[in-house]
Amino acid sequence: MLKFGEKLLPSSCLSYLAFRLAWRQTVEALIYQQQPLEDRYQTLSGEDFLAFEKKKPTTSGFLCEVPFLSEVAPQVQLDLLSNFWSRHISLASYRASLLDEAILYAACESAASLLEHDPHAVPLHLKGGPLDVTFPVDESLSAEIRKLYLDLPSEGDYLLIGQFLDVPPEECRKLKKKFGLRSIETEELFDILGRWTIQPAMNDRLAGLLSPQEISRLRKILDRHIRI
């Protein structure tokens, strides 16, 4: 379980929905990005091209909801999501970091956005998962998803860090001190921008979010599209 301040993130169907949708959107981004450009467009023209463009992912993964982390590689986003999920459903207690706050915010916002703009995709993303759940897809559901992070204590510092990218080191330290940002935790966010590889046990940490069959397919996708 993950503890944000003095409050626990409840393990519920809502948290399953948020991270399930975040995972599906990010996998789609990974598959699309790793396709050679000639494979995407070579045989397409006219109406076929327009149809293909309409289907392509609208983001590069769920972390695009946090501007500072929008360039994190999709496979690394999946790795971070799996690490968060495994601690979320664990019986052990973990103190949430600034990165955890950013991941929860991004997962909830990306899920809520999908619910609002492409609700017909939601049942498809839930199909085949380890939980047999159905949700009434409406505005109240997206609001409930957002409440997952809104009900937890957070200053939203992960949304401020982008302003430090082009700031000299000494000035950056002063700004962090002014805003009360913890250097160790902000450095963790900077570090993941340069990551490309994933941890070998990533697939194992997705139990409860993906079915065994989906985990097997994800392993093949990762083996095919990236070098671990």
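Which side chains meet in a salt bridge with 2.5 Å from N to O? Arg20 and Glu214 do, and the close-ups below start with them. This is a predicted model, where local features need pLDDT of at least 70, side-chain atom pairs count only at pLDDT 80 or more, and totals for chains, interfaces and linings use all residues. Residues are numbered from 1 along each chain as its sequence is written, and side-chain values use heavy atoms, leaving out hydrogens and water.

**View 1. Arg20 and Glu214 form a salt bridge.** A salt bridge here is a side-chain nitrogen of Lys or Arg within 4 Å of a carboxyl oxygen of Asp or Glu. Arg20 lies in helix H1 (residues 13-33) and Glu214 in helix H10, so the pair ties together parts that are 194 residues apart in sequence. Helices are DSSP runs of H or I with at least four residues, numbered from the N terminus. Arg20 is buried at 0% relative accessible area, and Glu214 is buried at 4% (buried is under 20%, exposed over 50%, partly exposed in between, with a 1.4 Å probe and protein chains only).

**View 2. Asp79 meets Arg205 in a salt bridge.** Their N to O distance is 2.5 Å. Asp79 lies in helix H4 (residues 74-88) and Arg205 in the loop between helix H9 (183-192) and H10, so this pair ties together parts 126 residues apart in sequence. Both Asp79 and Arg205 are buried. A network of salt bridges links Asp79, Arg195 and Arg205.

**View 3. Asp151 pairs with Lys147 in a salt bridge.** Their closest N and O atoms are 3.2 Å apart. Asp151 is partly exposed at 39% relative accessibility, and Lys147 is partly exposed at 35%.

Notes:
Helix = DSSP H or I, 4+ residues; strand = E, 2+ residues; numbered from the N terminus.
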